[in-house]
Amino acid sequence: MNKRSRSLGLVLLALLLAAGLGACGSSGGTGSSASTASSSSPTVTVLMGTPPDSLDPGLGASTQSYEATWLAYTGLVTYAHAAGAAGAQLIPGLAQSLPSISADGKTYTFTLRKGLHYSNGRPVQAGDFAYTIERAIKLGWGNKQFLTGYIAGAEAFDAGRAHTISGISSNAASGQITVKLTAPFGPFLNVLAFPAAGLVPSGTPLKPLPNDPPPGVGPYEIAHVVPNQSFAVLANPQWAQQAIPGIPGGHANIAVKIVSNNQTAAEQVLSNGADVFDWNDTVPGTLLGQVHAQAASRYSQEPTVSTEFFFLNVKSKPFSSQLVREAVNYALDRQALSRLDGGALTPACYLLPIGMPGHPAGPCPYGDPNATVSAANLAKAKELIVQSGMAGTSVDVWSEPHPPHKEYADYYASVLNAIGLKANVKIVAAAQYPATIGNIKTTNPQTGWIAFSQDFPNPIDFYQLLNAESIAPTENHNLSQVNDPHIQSELTALGSVPSSKLDTVTSRWEALDEYVAQKAYIAVIGYDDVPKFTSQRIDFGALVFHPVYGNDWSTLQLK
Amino acid sequence: MSLPPPTPARSEPTVGTEPPLAAARAPAGPWRLVAARLRRSRPALVCGALVLAVVVACLLAPVYAREVAGTGPDENHITDTVRVGSRTLDVVSPTGVPIGPTWQRRFLLGADPNGRDVAVRLLYGGRNSLEIGALATLVTMLLAVLIGTLAGWFRGLTDGVLSRLLDVIWAFPPVLLGVALGVALAIGGLDLGVVKLSSGSLLLPAAIVGVVFVPYVARPLRGQVLALREREFVDAARVQGRGNVRILTGEILPNLTSTIVVFLPLMLANAILLEAALSYLGAGVQDPNPSWGTMLAEGIRLTPGAIHLVLAPGLMLVLVVFGVNVLGDGLRDALDPRAVAGGRG
Amino acid sequence: MARFLARRLLGAAAVLFAVSVLTFLIFQVIPGGDPALRMAGREATPQTVHDVRRAWGFDRPLYEQYATTMEKILDGSVVSYSQQINVEQEIARDLPPTLSLALGAGLIWLLFGVLFGVLGAVRAGRASDRALTVLALLGVSTPIFFLGALMLYYLGYRWGLLPLGGYVPLTRDPWGWFTHMLMPWLALSIASIGIYSRVLRAGILDTLGEDYVRTARAKGLSERRVLVHHVLRNSLIPIVSLWGLDLAAVIGGGAIVVESVFDLHGVGQYAAESIARLDVPPVLVVTLLVACAVVVLGVLVDILYALLDPRIRLSA
């Protein structure tokens, strides 16, 4: 072992010196090459606080990744490039039209458009679709359960029991692609709209390619990736000949720079040193005044389809008592929570957020979230705790350190203490947080902060959080551990309704969401607002804030 | 090098930086002399008094909270208002900016984003910072004396093993080691069978900080013991047939006291600083306990709008660490007349 | 000499081995710290987690995992858990800011440390010496991130004199590089200037009392000549060795705090971010890098000592 370590030492020292000298000389080259766009269109700079988890479409599953990859990897279907509800509509992508769905809801048939080419010039084949899905599963895409859970044979492929996915078949000549499901799944087309299902050529290496993303079909291609520092989203030279209706070609090349300090990034956009402030980041509250004063015409707060809430574990004291859960909902001052979030929060009490079909419009059962908690409601909360017999029960409040989540927990704990419980805050590193609170065996948390953003515009997505089937011993997602027969039967009925027919069942979703609020299974904080913020030279009005993917870079243009 | 190493000895063959070997065989007499010298050093006295005042103030935190500020360290006042002069102000603005110093009883030094009174939290946080500093220093000193004397006295294999152990800790940059330990232990705490530290315990950062600094003290002590064991009075004790334990406690340890005393304030200062650095990197004191380090870290995140959240805990830290350092300087000068300023030629 | 060298190198190897094992183990004690759970993504099925565990070898015994990881580190193929990026390439990319920081700050703190140290010794006991002592102690007593935050606030935000953090490559924009590095350099230097000046001052005062200095004075050499030729040359030895070690630590990624405060994207910040993600491979590599630098430079310093100072013998 000594020998190995010694050579290790020498190797590391050599690495240190060689890399140091080498990098010194070459550092400028890598940095500047990102700005040399191949086409003549202008370059727009986007500042991003958190780097994408991976720019390989088969692996990336963070909002920052999707922001780039959905423009470079078009699937058989995709979303309309529009703001608000219109943007949640699915349109045909590489398929000629939306698929025909069999009566039992289990077979989807697509026909590939003719004459499509990848960004490297290679023609698109019908067989590439199956390869793309297989690659995403093999690479371990973060949302692959949507594929393995529903496509026939995908589970067996994932487990290594099959070499291909039996449920996907294609005909190279006619361009016909058929996908068979194990059970009807309403939002399945939404799943196929993920960039992970955006076609890549057959034979693309079955390993992550985050630094050199594979070719795709879309108005843009991703290039010049310097991990954790920068990447470019450039006009795809192949796009012009094959433009697909509904997918704009884009006006500018995008240079993305990772600037982890939100303060610095916001200052740069404010002073027009950079063009776009990424919507996933937060403009520091201290700078907001200046932004409103100097940049009112190029700053707005956009609602996102996401909900922040405290889960209330109904399987353990004290939240096993509905009275305690009601008390928490009465006493939580959403106005205070909103201030902790710099005002970028729409206070609310329902799980389904504004912008999601099924969001109830009626008043909240336990106090108005848009007003400061009244003395009467606070007294009522204290009384409920006494009534429940749970006064003095100790409660661990879990959260993670990222602001304002820790501040939420601090405030929440002070509220629980004020109404007669004994709260203690537990903060866990962000990387470890989901695994920690999702572990019923070791942690079995009583209550804590959690946020959920839509994967796709269908309420069933949010109801994973209250579905009894999501309860698991170590990777639990139903953190309140709710197992309510009414919810279960409604989910079975509503879950198979295709996204395109959601309008026929909105009132049923509304009723279900009101039921959940009435039972106080969770304590909703509100819905997150995010900043849309650009430099002066950008046409702010033309920039579409997409309901699923945020700032639509293909609508970025100079004034 | 993000943390100042203690002044004495970073490289082993110390030339100009060795700790004083001044008062060999030191009963009451020399110590009285030291005390007299220390009394003459006005800066050391002033700073000592200052540190003492801060300690007392922190101990009185509950009194201040109850009698003056009228709020506890964890009470949130996000949507409250406070009257400053003739105006009524939000404690926290709708966009989340907390109020600055009011210079009156309520929110004397302003509020934090949770609408908590900064002055109250500063006093409670000081308790934690000082407690961790003191505990960490204790850990460092105990381990360092143990390792240093054993290695120096027994030499050979014992020395080899212990010295390599010190080398290993030494080879880690202090902050990197501290942060790695802190993050790893923050989740589940430490469970060594005998010792069990829960993740929220203040002992955890204290232990981490303490261990990181052991080599800085153990190495010079080891060197000193190596020298002492060759001295006549040790030989004499050996000839008298006294056992290892008795010689160590009766002859060697008393001769190490001056070195230990010189290192104490130095280590205290460095421990407080390292705890702050760890807290800044998210690996120090765990919520809900505030420490100056965690308060400062939160404040930095909120600049530029709420600079009072940086200045209050930051200046407090500098004040106390500076005071302890000056006190340590005075102590060293008092113990080692050679190093007194002006001792030229 | 050869025996000494062999022994020290062997010792260094043992230390590096222990450091790597220790770092590896630190991240194993985390309860539920199973990296497979984090890598499998949210809503992972037990099957997925199992697959990840198998694919990455997390189901193997610990010593085997350690051996595989070390092997990958040695042949340069180790990738991070969270982003699955080659760690050594990433470190190579992060070196320019770290080297800029280390070399610039190193020069500043050496220069001012020596200047103030000599000044303090020459004026020992006078008001200027006392003022320097107070300043040095203040520098040592100020947390770097507090200093950094104040600089960012006043110099960067309030007065707009310098940029608010970030790194600009020297080759692309030398002036931008300089303005971006100025604050980090100062923040990193202040404490070290305090330490160095005090060590040097004490060293000079010590040396002034030595016999050979008295002899030199007695020979009638000018005070300046005595100071420069006899005193300073000897007192500088520990300073330079200290400098080498500190510099090595910064280059290896030891300046975690400064790099994080000023968002330099250097090796230290990479280490800090990796620790926060509980991502073992990068932490392991950076730790080994620093440890290696410190250990190897420690040996070099010892040799240097022996060459410069005939009083020290490198005995085996």
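# A briefing on chains A, B and C

Let's begin in chain A, where helix α4 (residues 127–139) lies across β6 and β7, running at about 155° to β6(A). Axes here are lines fitted to C-alpha atoms, for helices over the stretch in contact, and angles run from 0 to 180 degrees between N-to-C directions. Helices (H or I, at least four residues) and strands (E, at least two) are DSSP runs, numbered from the N terminus. Two residues are in contact if their C-beta atoms, placed from the backbone, lie within 7 Å.

The model is a predicted one, in which local features need pLDDT of at least 70 and side-chain atom pairs count only at pLDDT 80 or more, while totals for chains, interfaces and linings use all residues. Residues are numbered from 1 along each chain as its sequence is written, and chains are lettered from A and ligands numbered from 1 in the order in which they are written.

**The sheet of chain A**

- An open sheet of four strands has the order β4-β5-β7-β6 in chain A, with antiparallel pairing; two strands pair if DSSP finds at least two bridges between them.
- At the edges are β4 (100–101) and β6 (168–171) of chain A, each of which pairs on one side only.
- Strands β5 (residues 107–111) and β7 (residues 176–180) of chain A run antiparallel and are joined by five bridges.
- Within β7(A), Gln176(A) is the residue that stands opposite Thr111(A).

**Chain B and its hairpin**

- Chain B has twelve helices and four strands.
- Among contacts in chain B with a separation of 6 or more, 69% are between residues 24 or more positions apart.
- Strand β1 (residues 81–84) of chain B runs antiparallel to β2 (residues 87–90) of chain B, and four bridges join them.
- Arg83(B) has Thr88(B) of β2(B) opposite.
- Two residues lie between the strands of this β1(B)–β2(B) hairpin, and Gly85(B) takes a positive phi near 65° there.

- Chain C is built with 13 helices and zero strands.
- Buried residues account for 56% of its 316 residues.
- In chain C, 71% of the contacts with a separation of 6 or more link residues 24 or more positions apart.
- Most of α8(C) is covered, with 29 of its 35 residues buried.

**Where the chains meet**

- Chain B gives 24 residues and chain A 27 residues to their contact.
- On chain B's side, α6 (174–188) and α11 (292–302) are the elements that give two or more residues, and the largest share, three residues, comes from α6(B).
- Between chains C and B, 68 residues of chain C touch 52 residues of chain B.
- The chain C side of that contact has 50 nonpolar, 13 polar and five charged residues; Ala, Val, Leu, Ile, Met, Phe, Trp, Tyr, Cys and Pro count as nonpolar, Asp, Glu, Lys and Arg as charged, and the others, Gly among them, as polar.

Technical notes: A residue is buried if 20 or more other C-beta atoms lie within 10 Å of its own, exposed if 12 or fewer, and partly exposed in between; C-beta atoms are placed from the backbone.
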